[in-house]
Amino acid sequence: MLVNDRFLRACFGEAVDQTPLWLMRQAGRYLPEYNATRARAGSFLGLAKNPSYATEVTLQPLERYPLDAAILFSDILTIPDAMGLGLKFTAGEGPSFEHPLRTEEAIKKLRPADLDQLQYVFDAVSEIRKALTQDGQQRLPLIGFSGSPWTLACYMIDGSGSDDFRHAKTMLFSRPDLLEHILALNIESVAAYLGEQVKAGAQALMIFDTWGGLLPDGWYQRYSLAAMQKVIARLPRDHEGRKVPVIIFTKGGGLWLNDMAQIGADVIALDWTMSISRARKQLLAINKPLALQGNLDPLILFSGSKQITSAAKTLLDDLADAPPLNSGLHSLDGHIFNLGHGINQFTPPESVQALAETVISHSKALRIK
Ligand code: 1CP
């Protein structure tokens, strides 16, 4: 039994009493308790690869804030790691791969991710599900996730984070056959990985296409969106008698909203460059009444509680003025409040409290009006 199912209901455009809220990277470096656990684990990978540490940090933001979903603590780079690329985290510099894909020979040798090497992720999912449940009552649903095939390819080819992912884009423009080969393996790996997360207990799935927005129009649809569509086509959509919603997020993807609505996802997550209310109207105009997630600029959380409250209210007020998904619903239904990208590591933790209080009280008040 799920005690709080607002998030899952909102994913399917069902009525809820208040707008559900969770935050991308809600467990992370802005929380002192996260940094304490990470210090005990020795490193980020020590944390992510140990299911009981991963469980501990997944629950930390849920103890502090009235959030409506848990998200598995892991990383998108676990898949290339399990393809043999050698993931490492250097303090202060972020993740990198020891063996980036820079030659045709390396690319031809690549194999799909070995799921046995990802067992620690599936174990973490099961352990988190157990920790969320007491006496048969589960507090909150658990979201599983993966990177998109294109976003993973960016890191696999460039070998680390980058402003422009020059190596990946150069390969795409000059040797699309090699890129397509990598994408085919990533599609297979991502679909199998997400399928195992569902079997282990994930109740919703999110695909992070953080770097889809680097692509030119036309190339995005052909290389990132089409690959996500192939993943979604292979995902289990029912488990334990409940539907499993799929959320897609392309950073910078607002312009492609109508295309994103066509690939079989249940929810489209937006960054702050597109308004939620405008996205609602646009989707209704093409008769694709999908739920939306987002999209407060995470840096709003660096201003005072007055500004945070005002920005969150404006987002909700705008959506309340837009048409509902259907005539039986409130305009605020079919929306999951979130940030437009991951929470910044320097965010004051009290800002999240101000945001959560506003989302709850204002989204309730607007529904009663
Ligand atoms: O030192 C630390 O403690 C590492 C910071 C950190 C954290 C907290 C990294 C390294 N990954 C994570 C966890 C993480 N990553 C989650 C956890 C669940 C949650 O609480 O939300 C999730 C969903 C991710 C996903 C992820 N990792 C994405 C997609 C979402 C996004 O933010 O765009 C990406 C692009 C990554 C790669 C990654 N992992 C970590 C860093 C610093 C980066 C970015 C690397 C870069 O491009 O420079």
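**Confidence in the prediction**
- The pLDDT of the protein averages 97, and 100% of the residues score at least 70.
- For the complex, the predictor gives an ipTM of 0.93 together with a pTM of 0.97.

**Overall build**
- The protein contains 15 helices and 13 strands. Its radius of gyration is 20 Å, close to the 21 Å that the globule rule gives for 369 residues, so the protein is as compact as a globular protein of that length.
- Along the principal axes, the C-alpha trace of the protein spans about 65 × 50 × 45 Å.
- Of the 369 residues in the protein, 49% are buried.
- When contacts between residues at least 6 apart in sequence are considered, 73% of them join residues that are at least 24 apart.

**Annotated stretches**
- An unreviewed UniProt entry lists residues 20-29 and 143-159 for "domain: Uroporphyrinogen decarboxylase (URO-D)".

**Around the ligand**
- There are 20 residues around the ligand, and those that come nearest are Gly28, Gly161, Phe208, Thr210 and Gly342.
- Sorted by class, this shell holds ten nonpolar, six polar and four charged residues.

**Two residues in detail**
- Glu188 belongs to helix H10, which covers residues 176-200, and because Glu188 has 17 C-beta neighbours inside 10 Å, this residue counts as partly exposed.
- Although Glu188 and Lys169 are separated by 19 residues in sequence, the distance between them in space is 21 Å, taken from C-alpha to C-alpha.
- Arg139 sits in the loop between strand S5 (137-138) and strand S6 (142-147), and Arg139 counts as partly exposed because it has 16 C-beta neighbours inside 10 Å.
- If neighbours within four places in sequence are left aside, Arg139 is in contact with Val3, Asn4 and Leu132.
- Arg139 and Met156 are 17 residues apart along the chain, and their C-alpha atoms are separated by 37 Å.

Terms used: Residues numbered from 1 in each chain as written. Predicted model: local features only at pLDDT ≥ 70, side-chain atom pairs only at ≥ 80, totals over all residues. UniProt positions renumbered as here; feature names shortened; annotations may be inferred. Near = placed C-beta within 6 Å. Nonpolar A, V, L, I, M, F, W, Y, C, P; charged D, E, K, R; others polar. pLDDT = per-residue confidence, 0-100. Helix = DSSP H or I, 4+ residues; strand = E, 2+ residues; numbered from the N terminus. Rg over C-alpha atoms; globule rule 2.2 N^0.38 Å. Buried ≥ 20, exposed ≤ 12 C-beta atoms within 10 Å, placed from the backbone. Contact = placed C-beta atoms within 7 Å.
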